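Please work each one with the sequence and the 3D structure at hand before reading the solution.

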Amino acid sequence: MHGTVSVSGAKNAAVAIIPAALLSDGVCVIDNIPQIEDVKVLAETLTSLGAQVDLSVPGQITIDPTKVQCVCPSEALTRKMRASYYLMGALLGRFRHAVVPPPGGCYIGKRPIDQHLKGFSALGATIKQTNVVEIDAPSLTGAEVYLDVVSVGATINIMLAAVKAEGTTMIFNCAKEPHVIDVANFLNNMGARIKGAGTDVIKIQGVKRLRSCNYTLIPDQIETGTWMIIAAATRSDILIRNCIPTHMESLSAKLAEAGFRVEEGEDTLRILPRTARPRAVRVKTMVYPGFPTDLQQPFSALLSVAEGTSVISETIFEQRFRHLDELQKMGGKSEVTDRTAVIQGVEKLYGPDVEALDLRGGAALIVAGLIAEGTTVVSGVHYIDRGYERIVEKLQALGADIQRVKA
Ligand code: UD1
């Protein structure tokens, strides 16, 4: 394959910023919105609560939340995605009351939300958990919250609840992922007073009102990484445009260790094609700026054809190796013990029918399918559509032989 591919807006920023717009007293126009399933579901959810949402301009969402009155999204919608938990923080921040059914999302192990709830409690909310999470706070007061685990979701959710609280909130041991900063920038654009996003400590000075705003999302770190892995695995000269190379340093470093040269431009990346097989490496997933757990799965497809034995330690989620069973059907050799996968590189993968069991595991199967001999049929593509915009079309434009077919 060869050519140029443009990275879409960040999924994990979009899925937090869309609920965050509920906090505004006016209309929010957000650009660089990826056209993915999770965005469509959130748009539908906000509409069901009474917001006016317009997705008719590609890459843009307009949200007028002023007429929202309902604080109870339906379980049919919240179950479709993980990020529906942001409705808790956003509705609590605006109405001091939220009744939100549990979130769904990919099964990659236990995904508790105790840290989110601990933050809401610290701000003065009482929480009742039945088959829904009911959160009530006659008033919200700034507080100090120390997160026991570094959680992207909890960091953002507590920010959402705290921006309109009385007084100052300090969140310690925060997640530092690029999308945490993007959400803080969006809220600050609306008039919030958040400092320190991107560091371990976030300080939020509560404000009374948040106004309308225009905002443009950052590019998706995980999509960028997926293209880098695809370029490396298929030995293709692909220019990856509209990305932020500094967000990719952990992956760039691992690719360099595996023998690839990574060329960084201002907002472009290129992996120089390597004729030899990749070298085996050890990978440990970590919170940002460490190696992202979301890239561990696509990266394992590259390591399946590496020269030698690679080891992946997954420190964030305990069930994130299910895709390796599918890779084994393609000739991959791996063994999983607890949270460690040992991958014995093989010369070739072969293309039978495989099934995507989650979003990033699905991306791994696409990487594998591109390098496998013969035709690979990947089912379960609805998972992949949740997070990758027009992935089939983007691959076709680069020269890949890939088609979406009806089962
Ligand atoms: C988010 C991302 C997901 C990514 C993950 C880690 C979204 C919508 N999803 O998921 O793509 O893989 O960050 O970068 O942005 N934890 C607790 N209690 C909590 C919250 C989390 O124990 O209250 C644990 C989790 O089980 C996990 C770790 O903390 O072991 C990190 O989770 P977290 O960062 O919260 O991940 P998600 O928000 O689920």
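The model is predicted, so local features need pLDDT of at least 70 and side-chain atom pairs count only at pLDDT 80 or more, while totals for chains, interfaces and linings use all residues. Residues are numbered from 1 along each chain as its sequence is written, and side-chain values use heavy atoms, with hydrogens and water left out.

**Exercise 1. A buried arginine**

Task: Locate R82 and determine which side chain of opposite charge is nearest to R82.

Solution. 
1. R82 belongs to the loop that runs between α3 (75-78) and α4 (86-95). Helices here are DSSP runs of H or I with at least four residues, strands are runs of E with at least two, and both are numbered from the N terminus.
2. R82 is buried and has no salt bridge. Buried denotes under 20% relative accessible area, exposed over 50%, and partly exposed the range in between (1.4 Å probe, protein chains only). A salt bridge requires a side-chain nitrogen of Lys or Arg within 4 Å of a carboxyl oxygen of Asp or Glu.
3. The nearest side chain of opposite charge is that of D114, 8.4 Å away. In this count Lys and Arg are positive and Asp and Glu negative; His and the chain ends are not counted.
4. A polar atom of the R82 side chain does lie 2.6 Å from the backbone oxygen of R111.
5. Leaving aside residues up to four places away in sequence, R82 touches P103, G104, G105, R111, P112, I113 and R386, where contact means heavy atoms within 4.5 Å.

**Exercise 2. Salt bridges**

Task: State how many salt bridges the whole structure contains, and examine three of them.

Solution. 
1. The search of the whole structure gives 21 salt bridges.
2. K40 pairs with E37, with the closest N and O atoms 3.2 Å apart. The two residues are three apart in helix α2 (residues 37-49), which means that about one helical turn separates them. K40 is partly exposed at 45% relative accessibility, and E37 is partly exposed at 34%.
3. E263 forms a salt bridge with R261 at 4.0 Å between the closest N and O atoms. E263 is partly exposed at 32% relative accessibility, whereas R261 is exposed at 56%. A network of salt bridges links D237, R261, E263 and R270.
4. R277 forms a salt bridge with E307, the closest N and O atoms being 3.8 Å apart. R277 is in the loop between β15 (268-272) and β16 (282-284) and E307 is in the loop between α10 (293-303) and β17 (309-313), so this pair ties together parts 30 residues apart in sequence. R277 is buried, at 17% relative accessibility.

**Exercise 3. One side of a helix**

Task: Identify what covers the buried residues of α11.

Solution. 
1. Buried residues in α11 (residues 322-329) are H323, L324, E326 and L327.
2. These residues span an arc of only 155° around the axis, so they lie on the same side of α11; the arc is taken from the directions from the helix axis to the C-beta atoms.
3. The cover includes α10, β18 (333-337), β19 (340-344), β20 (353-355) and α12 (359-371).
4. Just after α11, G331 adopts a positive phi of about 105°.

Methods:
A polar contact is a pair of N or O atoms within 3.5 Å; within protein, one must be able to donate a hydrogen and the other to accept it, and residues adjacent in sequence count only if both atoms are side-chain atoms.
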